[in-house]
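Subject: Structure for your review

Dear colleague,

Please find below the structure that I am handing over to you. I would be grateful if you would read the notes that follow with the structure open beside them.

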There are 2 protein chains.
Amino acid sequence: MGNKERRAREREQMREDILDAAIELFHELGFEKTTIRRIADKIEYTPGNIYAYFKNKNDILFGIHQRGFKLLYDMEMTVVDTPDPSERLIKLGQTYIQFGLQHRQYYDLMFIDSSIQQVIHEDDSWQEGQSSYTVLRDTVAECIQTGALPPNDADSITFGMWAFVHGLVSLYVRGRSAMIPDEYMPQVLQASYTYFQTAFFPHKNVDNILNSEAFVV
Amino acid sequence: MGNKERRAREREQMREDILDAAIELFHELGFEKTTIRRIADKIEYTPGNIYAYFKNKNDILFGIHQRGFKLLYDMEMTVVDTPDPSERLIKLGQTYIQFGLQHRQYYDLMFIDSSIQQVIHEDDSWQEGQSSYTVLRDTVAECIQTGALPPNDADSITFGMWAFVHGLVSLYVRGRSAMIPDEYMPQVLQASYTYFQTAFFPHKNVDNILNSEAFVV
DNA sequence: CCATGTTTTGAACAGTGTTTAATTTGTAAA
DNA sequence: TTTACAAATTAAACACTGTTCAAAACATGG
């Protein structure tokens, strides 16, 4: 018979349709203006019906959120096989910033916005973020082991590294840098990032590792 | 007669009352749940009447925002007379983080939330933020001049320093550190901050400058 | 006491997320 | 083919937002 399976597939398809529409609106308008009614309009259904597929709006945002983390993870995978841990760390940070600049909307939802927080706490299968953090932490730990970084609690250093790049990106994403003209921001971010890495790895040529390329938005 | 003056004073008093009520609610509930109707309730007026004193809700939030910056500025003033620029820089960062931990709600509104951004752009008399930035920038510039920091574009370094502490605080304020238990966070922040400063000022005893005190929340 | 200008109100508008009873639809069995 | 039942979908409502505006209340100077 296999009708059960088809029904399940159709349900899953509908969920995907909703998510696709949501993401499209999300890119056009940002998540604040991505309303249930607009999503419903886009897929030509009634607002209420969406609640048959998603618990609430945050549940939809969480779906977008997850896709964002897949995107970030894929980008990180392109540099994760760099043998030298300090070089890898430098590249990981660069990639993270690059992601933030290229996908501001995703970044906002993933790391700044707070409406989702509740959903994340309920859904403890939240490995997407964890795995990105683990990649970073492992690299930091390796740097400590090889003596590339002065020894200390690995979590504290990892958190600091993350905080730094997050600070750079989030100030930019939320437009908190009125003192610096917008068009200079990518260069400032790049210079700032390079400067900091040079402080941590004085014996490396950070510029060479990053190919001296400024961030592209 | 002086009635004009009294009227003006009463108007200003009303504005203050609204702001006070707003701030109280803001502390209790955060700015998302600080609604016009709740503010009106608190001062026993009608919601509509508030619009006779403030252009809109963001205008009220901007008032809170300004008070927050006064608070931050006052805290910064307690360390700004430190003669050695690198010590001053270290203490400024510590103070900034301390502010963020002690006044999360203010911090959120001042540096993370985006609803106000529009008002800030309109009101170009927005020196509150500028002056805090200038204090930091001047200190960084002095560090470069005295050779305490390797030379580079002062804005890039300043922005990076700010980004780092902002990253630490904002990840904490928005609860983005699921991988680290909440009760350890102040210690992790402290360790992370000390570690980074040590990287920038290897010849300083950062721990001593900060009196080895962990952040208090 | 009246006229004028300010302050305050109450009701409405358009928008939000969400719930629920009623309706439509699709499918399997009689 | 018709009936029966379950799933999908709708329409309407609810309780909230921020905001506007005509009307009412008030205070004040003449």
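This is a predicted model: local features need pLDDT of at least 70, side-chain atom pairs count only at pLDDT 80 or more; totals for chains, interfaces and linings use all residues.

Chain A falls into two parts: domain 1 covers residues 1-54, and domain 2 covers residues 59-209. The centres of these two domains of chain A, taken over C-alpha atoms, are 31 Å apart. Where they meet, 14 residues of domain 1 of chain A are in contact with 12 residues of domain 2 of chain A.

The size of an interface is often given as the accessible area lost when the parts come together. For domain 1 and domain 2 of chain A, the buried area is about 1200 Å², and carbon and sulfur atoms give 72% of this. On the side of domain 1 of chain A, the residues that lose the most area to domain 2 are A:F26, A:F31 and A:F54, which together account for 48% of what that side buries.

Which elements of domain 1 of chain A supply at least two residues each to the side that touches domain 2? They are α1 (3-29) and α2 (36-42) of chain A. Of the elements on that side, α1(A) gives the most, with eight residues. By class, the side of domain 1 of chain A that touches domain 2 has 10 nonpolar, two polar and two charged residues.

Two salt bridges are found across the interface of domain 1 and domain 2 of chain A. The side chains of A:D20 and A:R67 form a salt bridge, at 3.1 Å from N to O. Both of these residues also belong to a network of salt bridges that links A:E16, A:D20 and A:R67.

The contact between chain A and chain B

The two chains meet through 44 residues from chain A and 45 residues from chain B. Together they bury about 3800 Å², with 66% of that area on carbon and sulfur atoms. On the chain B side, B:F159, B:R176 and B:Y195 supply 22% of the area buried against chain A, more than any other three residues.

How many salt bridges are counted between chain B and chain A? The count is zero. By contrast, 17 residue pairs are in polar contact between chain B and chain A, with both residues at pLDDT 80 or more. The elements of chain B that give two or more residues to this side are α6 (104-112), α7 (117-122), α8 (127-145), α9 (154-173) and α10 (185-200). The largest share, 14 residues, comes from α9(B). The residues on the side of chain B that touches chain A divide into 27 nonpolar, 13 polar and five charged.

Salt bridges within the chains

Side chains of opposite charge can pair when their charged atoms come close. Over all chains, the whole structure has 18 salt bridges.

One is the salt bridge of A:R174 with A:D108, whose closest N and O atoms are 2.5 Å apart. A:R174 lies in the loop between α9 (154-173) and α10 (185-200) of chain A, while A:D108 lies in helix α6 (residues 104-112) of chain A, so this pair ties together parts that are 66 residues apart in sequence. Are these two residues buried or exposed? A:R174 is buried, with a relative accessible area of 9%, and A:D108 is buried as well, with a value of 11%.

Another is the salt bridge between B:R67 and B:E16, at 3.4 Å from N to O. Because B:R67 lies in helix α4 (residues 57-77) of chain B and B:E16 in helix α1 of chain B, the pair ties together parts that are 51 residues apart in sequence. B:R67 is partly exposed at 25% relative accessibility, and B:E16 is partly exposed at 33%.

B:R6 is partly exposed at 34% relative accessibility, and B:E10 is partly exposed with a relative accessible area of 44%.

With kind regards

Methods: Residues are numbered from 1 along each chain as its sequence is written. Chains are lettered from A and ligands numbered from 1 in the order in which they are written. Side-chain values use heavy atoms; hydrogens and water are left out. Domain bounds come from an automatic or database domain assignment. Contact means heavy atoms within 4.5 Å. Buried area is the accessible area (1.4 Å probe) that two parts lose on being put together, summed over both. A salt bridge is a side-chain nitrogen of Lys or Arg within 4 Å of a carboxyl oxygen of Asp or Glu. Helices (H or I, at least four residues) and strands (E, at least two) are DSSP runs, numbered from the N terminus. Ala, Val, Leu, Ile, Met, Phe, Trp, Tyr, Cys and Pro count as nonpolar, Asp, Glu, Lys and Arg as charged, and the others, Gly among them, as polar. A polar contact is a pair of N or O atoms within 3.5 Å; within protein, one must be able to donate a hydrogen and the other to accept it, and residues adjacent in sequence count only if both atoms are side-chain atoms. Buried means under 20% relative accessible area, exposed over 50%, partly exposed in between (1.4 Å probe, protein chains only).
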